[in-house]
Amino acid sequence: MITVTPESFRLAEVFTISRGSRTESRVLTVTVTREGLSGRGECVPYARYGETLESVADQIATLPENLTRADLQTLLPAGAARNAVDCALWDLEAKDSGKRVWQLLGLPAPQPQVTAFTLSLDAPEKMRAAAARNAHRPLLKIKLGTPDDMARLEAVRAGAPDTRIIVDANEGWTADIYTELAPHLLRLGVALVEQPLPAGQDELLAEIARPLPVCADEACHDRHSLPALKGKYDVVNIKLDKTGGLTEALALREAALAEGYGLMVGCMVGSSLAMAPATLVAQGAAYVDLDGPLLLAEDREQPLVFDEAGIHPPSAELWG
């Protein structure tokens, strides 16, 4: 039996990116139950990709009860619906076998990974204050994506003078804006810029200077995305809600490494259940951005542990 449950988690603060703001994370929890055992997965439908809670639930409703993970890869496209079901099937198999998912995959035991902490888009003085509150963290990610981002960059660096910084424009810049900002990104010690131009309108990245690594987020969903990234991006951001689950995320990771891309493993704003499978993909990635639970005012039972070592792999009670 496959059940789909809409759930909502309050955010600790308003979260703003270049496309808008939110005060809660609305997710779908998928539970697959067979012979008395249940596996769970979580997804965050994303309007940027034409997804709603209702459309994703409708996709899942089309699935046969007895499907396998292999069936799932062809029955649904990459996206939130397939992700939640794929992760639920992995969790179910772990419970049925008495092994952890990493053991089923033949992977080493996962270790804690340092994760970025995201500062949402705001007025420069508020972003400076947020950076100062979080200056103890080893990696901050700044949401930008407007024509007036220079003041925000300066403010965050002033608030956190010693912290590594990456920036995410969420498709909000033009080639001219990025070219103008790039020297200042370098001056301020920014390590990576994520999706500076809109996906599908990023041809100029192959022509203009890329003085610091550029990461494909909205431009990279699964392995089929890789050919179009050539010459434009240096790093790919793997998110399970884009790849359509752990199965394809691991395959994309392998293919991207084989083609010479650096790896970032990211997330939508979801609970610990959504981050748990991604901790396996994140092992050894150059950049890890799995801070979703840190942005919430409430989380799952048996939540992931975050400490000075980073994000820890999940307990078996949470997932996998």
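Predicted model: local features only at pLDDT ≥ 70, side-chain atom pairs only at ≥ 80, totals over all residues.

Visitor: How many salt bridges does a search of the whole structure find?

Guide: Side chains of opposite charge can pair when their charged atoms come close. In this structure the search finds 18 salt bridges. One of them joins Glu7 and Arg300, with the closest N and O atoms 3.0 Å apart. Glu7 belongs to strand 1, whereas Arg300 lies in the loop between strand 11 and strand 12, 293 residues apart. Glu7 is partly exposed because its relative accessibility is 27%; Arg300, at 10%, counts as buried.

Visitor: Which residues are linked in a network of salt bridges?

Guide: The network links Lys141, Lys143, Asp168, Glu194 and Asp289. Within it, Lys141 and Asp168 meet at 3.5 Å, N to O. Lys141 is in strand 5 and Asp168 in strand 6, so this pair ties together parts 27 residues apart in sequence. Lys141 is buried at 2% relative accessibility, and Asp168 is buried at 0%.

Visitor: What is the nearest side chain of opposite charge to Asp291?

Guide: That side chain is Lys141, 6.9 Å away. Asp291 is buried yet has no salt bridge, and a salt bridge requires a distance within 4 Å. Asp291 sits in the loop between strand 11 and strand 12. Its contacts beyond four places in sequence include Phe117 and Cys267.

Visitor: At what angle do helix 3 and helix 10 pack?

Guide: The angle is about 95 degrees, and the axes are 8 Å apart. The two helices are therefore roughly perpendicular to each other. Among the residues making the contact are Trp90 of helix 3 and Leu246 of helix 10.

Technical notes: Residues numbered from 1 in each chain as written. Heavy atoms only, no water. Helix = DSSP H or I, 4+ residues; strand = E, 2+ residues; numbered from the N terminus. Buried < 20%, exposed > 50% of the residue type's maximum accessible area, 1.4 Å probe, protein only. Lys, Arg positive; Asp, Glu negative; His and termini not counted. Contact = heavy atoms within 4.5 Å. Axes fitted to C-alpha atoms, helices over the stretch in contact; angles between N-to-C directions. Parallel < 35°, antiparallel > 145°, perpendicular 65-115°, else oblique.
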